[in-house]
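Dear colleague,

I am handing over the structure we spoke about, and my notes on it follow below. Please read them with the coordinates open.

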Amino acid sequence: MGEKRSYHFATDVIHHGYNSNLFEGSLTPPIFQTSTYSFKDAQQGQRRFAGEEAGYVYSRLGNPTVTVLEERMASIEKGEAALAFASGMAAVSAILISLTKAGDHILCSQGVYGCTFGLLKMLNDKYQIGYDFSGMESREQILAAIKPETTCIYVETPINPTMRLVDLQLVSEIGKEKNIPVVVDNTFCSPYLQNPIQLGCDVVIHSATKYICGHGDVIAGIAVGKREFLKEVAMTTQKDIGGVIAPFDAWLLLRGLKTLPIRMDRHCENTREIFQFLSEHPVVEDVFYPGNSKAEDYSIMKKQMRDAGGLLSFTLKGGVETAQTFMNHLNLIKIAVSLGDAETLIQHPATMTHSVVPREEREKMGIQDTLLRLSVGLEAAEDIKEDLKQALDFIM
């Protein structure tokens, strides 16, 4: 074997963490579809349970297929280690629970995914873990929102579904000054477009269901960060709550990762075209897209993202009924939550992904009743535009 070297992103997503020579030459990592592992003798079992010997014990604690995925994700997200979970919310839950105890406080970006909001409310109701939202638009605004009991800063950028951006370098600098870990939900970008750890953040979370998978057939989550911290999470929160990924799902994610750069380039290219089209249609009131050069967050996008991504949101003139009528007249585009699939998907956050958020909170987050979120797929951009056009023309 030659000397180990560092590869570019597009090579890492195909090769990192797997040596086919160790597995009978199998080009694709095998699926280790087993719940438990046998020991050669009782003493080996004792050593492994005591942590004195490396090796697998039980698939809730580790699995060879999952290990390849975790090592690959750590590499492309520029972290020391990664943990794979059964869902994005399993990852979010494990990390937030690991960083807090009763009486602590979490400072969040101005908007978060609806289920993350639900988790925050549950932590507050059951365990008195407080939370607040901040626009995080300046150093002064962030410092004013930090409390003596703040033990975690939690950021989405772009924010779901308003597409507002947060300056991760600014937040991470304050986090280090105050010794508060910064956790970033990087789902909307994928590691291909943004690497928060390189910007100084501590933990990165993905709903791997989305761009990591890319094919709409897996529910999974990933957390990336420091090895010692994730080892603690693995042996406490993940092990004892049990939100672990199945080997077959890990294998599907490894397959999806191989085309991540190619898919993201197409998602970004298509979204630029759709943004331009929607911006010019008379029924569309506003379009929210990180690649809009006239938007106030555009400078942040240029600083920390490699491209503007595959999502945008827009508002229509009218009310909820107008938005629903428009959606009901789409043919190619599917009404569905989630994102990052090959298919273009549209959803209405106020009545779908963020319906759990009280109206007053939704309005503070900027989620209007006519706001629609579009996950632009891999179809021909001309076909996506044509479908949008005929539905928009219907409600004119």
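Predicted model: local features only at pLDDT ≥ 70, side-chain atom pairs only at ≥ 80, totals over all residues.

Residues are numbered from 1 along each chain as its sequence is written, and side-chain values use heavy atoms, with hydrogens and water left out.

I begin with the cores. A nonpolar core here is a set of buried Ala, Val, Leu, Ile, Met, Phe, Trp, Tyr and Cys residues joined through side-chain atoms within 4.5 Å, where buried means under 20% relative accessible area, exposed over 50% and partly exposed in between, with a 1.4 Å probe and protein chains only. The largest such core holds 66 residues, and the members that touch the most others are Leu69, Leu278, Phe314, Phe326 and Leu388. Helix α11, residues 260-279, gives the most to this core, with seven residues; helices (H or I, at least four residues) are DSSP runs, numbered from the N terminus. A second, separate core has 33 residues, among them Leu119, Cys152, Ala223 and Leu371. Phe314, with neighbours within four places in sequence left aside, has contacts (heavy atoms within 4.5 Å) that include Leu278, Phe326, Ile346 and Leu371.

The helix pair is α4 (residues 88-99) and α5 (residues 114-127), whose axes come within 11 Å and cross at roughly 35 degrees. The axes are lines fitted to C-alpha atoms, for helices over the stretch in contact, and the angles run from 0 to 180 degrees between N-to-C directions. The contact is made by Met89, Val92, Ser93, Leu96 and Ile97 of α4 together with Cys115, Thr116, Leu119, Leu120 and Leu123 of α5. By class, this contact of α4 with α5 has eight nonpolar, two polar and no charged residues, where Ala, Val, Leu, Ile, Met, Phe, Trp, Tyr, Cys and Pro count as nonpolar, Asp, Glu, Lys and Arg as charged, and the others, Gly among them, as polar.

As for the cysteines, a disulfide is taken as a pair of cysteine sulfur atoms within 2.5 Å, and by this rule the count comes to zero. Cys189 is in no disulfide, and the nearest cysteine sulfur, that of Cys268, is 8.7 Å away; Cys189 counts as buried because its relative accessibility is 1%. The sulfur of Cys213 is 18 Å from the closest cysteine sulfur, in Cys268, and is therefore too far for a bond. Cys213 is buried as well, with a relative accessible area of 1%.

Tyr37 lies in the loop between α1 (9-15) and α2 (42-49), and at 15% relative accessibility Tyr37 counts as buried. Not counting residues up to four places away in sequence, Tyr37 touches Tyr56, Val57, Tyr58, Ser59, Gly62, Asn63 and Pro64. Arg48 is placed in helix α2 and counts as buried at 19% relative accessibility; on the same exclusion of residues up to four places away in sequence, Arg48 touches Phe39, Glu53, Ala54, Gly55, Tyr56 and Val57. Ala250 lies in helix α10, residues 247-257, and is buried at 0% relative accessibility. With neighbours within four places in sequence left aside, Ala250 is in contact with Thr65, Val66, Leu69 and Ile245.

With best regards

Methods:
Helix = DSSP H or I, 4+ residues; strand = E, 2+ residues; numbered from the N terminus.
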